Amino acid sequence: MASWGEASQSRLIGKRISRLSGKDKVTGKAKYTYDINRPGMLYARILRSDVAHATVMDIDLSQAEALPGVKAVIPLTEAGRNLRYQGQEIAAVAAETDDIAKDALRLIYVELEELPFVVTEADAMAEDAPQIRDWEGNQSNPGVNEQGDIEAGFKEAAVTVEATYHTPVQTHVCLETHGNVTEWTDDQNLTVWASTQAVFGVRNDFARRFEIPANQVRVITEHMGGGFGSKFGPGVEGHTAAQLSRITGQPVKLMLTRRAEHLVAGNRPSMTQHVKAGASSDGRLVAYDMRGYGTGGISSGAGFQAPYVYHVENRKTERFNVATNAGNQRAMRAPGHPQGAFAMDSLMDELAEKLGMNPLEFRRINDSSEVRQAQYTLGAQEIGWHRRNTIPGSGTGVKKRGMGVGSGQWGGGGGRGTQARVTINADGTVEAVTGTQDIGTGIRTAIAIIVAEEFGLAPTDISVKVGDSGPGLPSGGSGGSQTTASVAPVIKTAAMAAKQKLFEHVAPLLKAPVDDLRVGTGTIYVASDRTNTVTWNQATGLLGQESISEGGEWDQELRQGGVAGTQFAEVEVDTQTGHVQVLKIVAVQDCGLAINRLTTESQINGGVIMGLGQTLLEERIMDPQTGRMLNANLEDYKVPGTYEIPEIKSIVFDTHRKVTGVGEPPCIPTLGAIANAVYNAIGVRIRELPITPDKVLTALAEKA
Amino acid sequence: MEKFSYVNATSLKQVTSLLSDSGWGEIMMIAGGTDLLAELKEYIETPKTLINLKTLPGMDSISADASGLKIGALTTVAEIAMHPTIQHHYTVLAQAAASVATPQIRNVGTLGGNLCQRPRCWYYRDETVSCLKKGGDLCYAVEGLSKYHAIFGGDPVYIVHPSDIAPALIALNASIKIVGPEGEKTIKVEEFFTLPAANPFRENVLEPNEIVVEVHVPKPNPNTKSLYLKAREKGAPDFALASVAGVFEVMGRTCQAASIVLGGVAPAPWRSTDAETALTGKMINDSVSAKAGEEAVKNAQPLNDNEYKVTLTQNLISRAAMMAVSK
């Protein structure tokens, strides 16, 4: 049975190892989809709806078609159809230059009859609101869940809290916008450079769409600039590029504009929770009653976790979706968790305060996770929890400091469906190939580490090929923090099998049984006689004209799902300007076996930064007057920059020697930790994100 | 953006004569382009011709002498921010310039461009919204989302002037030299900016055929302390939610004279004579500075979403006054 072995035996696994692609990325050598340029390539753009809701009366493409340099214009809707959100596709153009394509869009004549719209949850649920989809009152049927005896629970409660928590829609803000470069080598063979999280998923989608065999579509994603759950399919833009490419017989590049990226490429749905909860005098959560909703735009899927992490025996929850004339939600880093965590961790603090209990102690009582119990101790120590205000807002001076804590959980155990090959060539070179994709998580480097560990080589000795469906070695999409736990076991077993084969070649030379062979550093030796050794290249030289090429298998025993995390925040609030500065975040994250401790820490850092953005800055702002998103840019849609990023103490919390993904969980506990720290600093609770200066100043004024 | 022809400027005379045939927006001037390019890309402006001012000689330098500063309109924001004399004697100006945008933008953005930049209002910047400023019927901020809009002097257009440098220059009592077909004139920077009640479409008094060429800043008295405070949602880059340019003549803890100009709260840089009066001749302490803040905002007229700016402005003024008398 395969195992990752003891930490003391690992030369590479679990150590801090620089990303193999780091140098290419910082020097610009790394090619992202945006950087791909093909001979004869055309540039495509999409004309989108300016309005939130309208019926298409007429489309005329002729003027655009007549513009010199335009090679193809196609409609993406038709007269009589409805456009249901700003940004929805109307038509597309392919032209010799991007400028010509942009000019051509303005020559497309579109006649729209505008319809009443709702772009906010409040407007959608108003009594006289126009119904915009097949939901009465624009609300889906509520999902109701009841457990235990909620009335008995409230009777037992010594204290209750009733509150409403809200998180707005957040967009993914992938630094590389969605897009593809498509090229038909003939009418049955398509190559796509895609900015995607799912090379094989995109391959299969294109194959279905264009009715060609899947093995005649090749999808390549060598590097990609962020997906966060929004890049699993080709999207309208991908299909459009391939269609334009087919019509013109030329390669086509179609990347979304920043504006379109905000409008149509997915978002994290909003959440509003009305909660009433009770706790017993000895600090047990005894009752939880929640009614809540969110909007995923015109689509459903606005779910969230409630209650979250902490156990409540008696509970009733009711949640539904609200339809609005806005772009569809898509999975976004730990879907449903950060917003649920913000509400739950705020609620926990409110209850603890009513009980007169330290919020950390209150959590300990209600948290059944042993891992998190240990993390609470470590995190509290690292942040200096004893320094917090025992009376919130009691600090003196204009700038007040406070501390808070939040928690999270995730799966990340991986799954079947990855095929890989590890090849050893006679010249000593090693290749590891699989159809996964490196979406910034560092899987390329993790693969190299695993193979190098197995062979006694350096990670840089391993040529890793991922992000290409060409070799026909499928792997799943990178979602749910599943990539490493899905891929690592297969790579490991493939490398083990290849090593075994190499040992079989070496054994006669060393005159030792295969079982007695081991790898050293760049050598193979006999365990019972360590002086009996060959170098790696001497060994591979025995292969002559052959190569060893072995596949691997997913092995349940090499991975495990389920992680716990907790974060502590220290903030400083300027009570004159309302500005919240996060001073420090301590992120204690259960990771299972971290193949590469450095990139695992990077994952945690990135999660914390994203969580910080959601807590303090980010919000899709929809205008009820015009139906438009007012901040579909990076000026008014604010993401954290260097000034916002605090000291982050990322602690890789080792729990076991099995691989678990950790891409999503670190962005979860940040929200509650910061929000609770703000409360601890100023003594006023802000129950609506983001916590911007206007909200802080308004809250302080109301308190005064 | 629309196609345009591009002309390199050779002399001010040539520029003003090219401009003289033009109404607003047909022929436009470009220097750093950090604002104009975005307007062109968003089709907010669609000029037929751009005149490149960067080829004009002798307009990109700073000279300092006993009487004050002369700063050419083509001087970059970065040069102003990093100039040692400005940092020492005209601190408010250096701090305001340093607070602008990002290093990349400061390195190309010019003084003239900073003063003539257009509003950031999200209705104005959306091509598809025909707002009052662009010749439409209404200012959408009045009934719409107005978090970043004006609390002073808005009627009928509630934009805020986005410049950080302008409030600093006004607080320093600077003048601006303008050249037109009829020759040159020098006016106070304070008089350069206008409110929407006078002209809803423009933010200053420039005619379509005039060009800003230089700014003069008189040397402050030796007992002057000046500073720029800028509140924003994000450390950088971000425009001011509210800002205060304060120039104080202080003796000990006594404020002998105060010049206080606000940014981010009105369609033009907004001098607060109420705050100045409340501070002048007073020994500055917590209650005097607080009173100055209160006085400054007593006539504020917030919209639906920007009541917080009233508090913020008040607090920034108090803070500036306290900082003026602290070591």
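## Basis of the description

Helices (H or I, at least four residues) and strands (E, at least two) are DSSP runs, numbered from the N terminus. Residues are numbered from 1 along each chain as its sequence is written, and chains are lettered from A in the order in which they are written. The model is predicted: local features need pLDDT of at least 70, side-chain atom pairs count only at pLDDT 80 or more, and totals for chains, interfaces and linings use all residues.

## Helix H11 of chain A

Helix H11(A) comprises 14 residues, 370–383. Its first and last C-alpha atoms are 20 Å apart, close to the expected 20 Å, which is 1.5 Å times one less than the number of residues.

Arg372(A), Gln375(A), Tyr376(A), Gly379(A), Ala380(A) and Ile383(A) are buried, that is, 20 or more other C-beta atoms, placed from the backbone, lie within 10 Å of their own; 12 or fewer make a residue exposed, and values in between partly exposed. The buried residues of H11(A) line one face because they fall within an arc of 130 degrees seen down the axis, taken from the directions from the helix axis to the C-beta atoms. On the other side of H11(A), Glu370(A) and Gln381(A) are exposed. Just after the helix, Gly384(A) has a positive phi of about 80 degrees.

## Domains and chain contact

An automatic or database assignment divides chain A into domain 1 (7–30 + 414–558), domain 2 (33–115 + 178–255) and domain 3 (333–411 + 561–703). The C-alpha centres of domains 1 and 2 of chain A lie 39 Å apart.

Between the chains, 24 residues of chain A are in contact with 20 residues of chain B, contact meaning C-beta atoms, placed from the backbone, within 7 Å.

Terms used. Two residues are in contact if their C-beta atoms, placed from the backbone, lie within 7 Å.
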